[in-house]
Amino acid sequence: MTDWWAELGQLQDRFWTCLCDGAAGRHPAARFLALATAGQTGGAEARMVVLRGADRGNGSLTVHTDTLSAKVSELRADPRASLLFWDPDLRLQVRLKVEVGIDTGQVVDADWQRVPEPARRVYGILPPPGADLTAPVDLATLPDRSRFAVMTCTITRIDALHLGRTTHRRAMFRRSDDWIGQWIAP
Ligand SMILES: Cc1cc2nc3c(=O)[nH]c(=O)nc-3n(C[C@H](O)[C@H](O)[C@H](O)COP(=O)(O)O)c2cc1C
């Protein structure tokens, strides 16, 4: 039997399983992703986000955020971003190039209904994320539905790197090639 990392189709199946299980909260390594955006003062900005949805059919991932966070302004200025995770058990790094659409209001009502009450307070903290405080918990927290945003990350390219004990393998999967996959130098 071929090892999953030695065959393009099996490799692709494996990281999609990670993403789908991560979104469902069943796979910790792919539950929290690093999201990198183009910062508005030059250079990149990276932060952790929770993966909320993974749709292999559409090639898209879903993340929730606060409309007043810096990442939203950054993505409105330039929707191109990168998502990243490392699974230490599988010895697999996955880098996803994405274009991010941001939805708020009525269209995200079903998503808002699934956010549990305590978590809703995150979308209402005042002053807004990144503002200076006089004390670390000098905050008001009233859930504000209008600040809840769903980021739909449409994947354009997936770079998968498997660190084998003796051999490293790396493959690129592109939407423009219908995800057929191509081995590349690690
Ligand atoms: C484990 C972890 C998960 C996080 N998940 C999210 C998330 O799903 N959405 C989000 O907006 N921020 C999340 N954050 C907070 C962000 O990393 C970041 O600190 C915050 O959103 C402000 O980022 P920004 O100013 O770059 O927009 C998470 C932080 C950690 C440590």
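Mentor: One term before we start: two strands pair if DSSP finds at least two bridges between them. Also, this is a predicted model.
Trainee: OK. How many bridges are there between β5 and β6, and in which sense do they pair?
Mentor: They pair in the antiparallel sense, over 8 bridges. β5 covers residues 80-87, and β6 covers residues 92-103. As one of the partners, S82 is bridged to K97 in β6.
Trainee: What do β5 and β6 form?
Mentor: A hairpin, with 4 residues between the strands. R91 sits in the turn and has a positive phi of about 55°.
Trainee: And how does β1 pair with β5?
Mentor: In the antiparallel sense, over 3 bridges. β1 is residues 32-38. A34 has L84 in β5 as its bridge partner.
Trainee: New topic. How many residues surround the ligand?
Mentor: 15 residues do, and the closest are R47, T65, S69, A70 and K71. β2, β4 and α2 each give two or more residues to that shell.
Trainee: Which element gives the most?
Mentor: β2, with 5 residues.
Trainee: What's the shell like by class?
Mentor: 7 nonpolar, 4 polar and 4 charged residues.
Trainee: Last one, I184. Is I184 buried or exposed?
Mentor: Exposed, because I184 has 12 C-beta neighbours inside 10 Å, and the cut-off for exposed is 12 or fewer.
Trainee: Where does I184 lie, and what does I184 touch?
Mentor: I184 lies in strand β11, residues 182-184. Leaving out residues up to four places away in sequence, I184 touches R170, A171 and M172.

Note on methods
Residues numbered from 1 in each chain as written. Predicted model: local features only at pLDDT ≥ 70, side-chain atom pairs only at ≥ 80, totals over all residues. Buried ≥ 20, exposed ≤ 12 C-beta atoms within 10 Å, placed from the backbone. Contact = placed C-beta atoms within 7 Å. Near = placed C-beta within 6 Å. Nonpolar A, V, L, I, M, F, W, Y, C, P; charged D, E, K, R; others polar.
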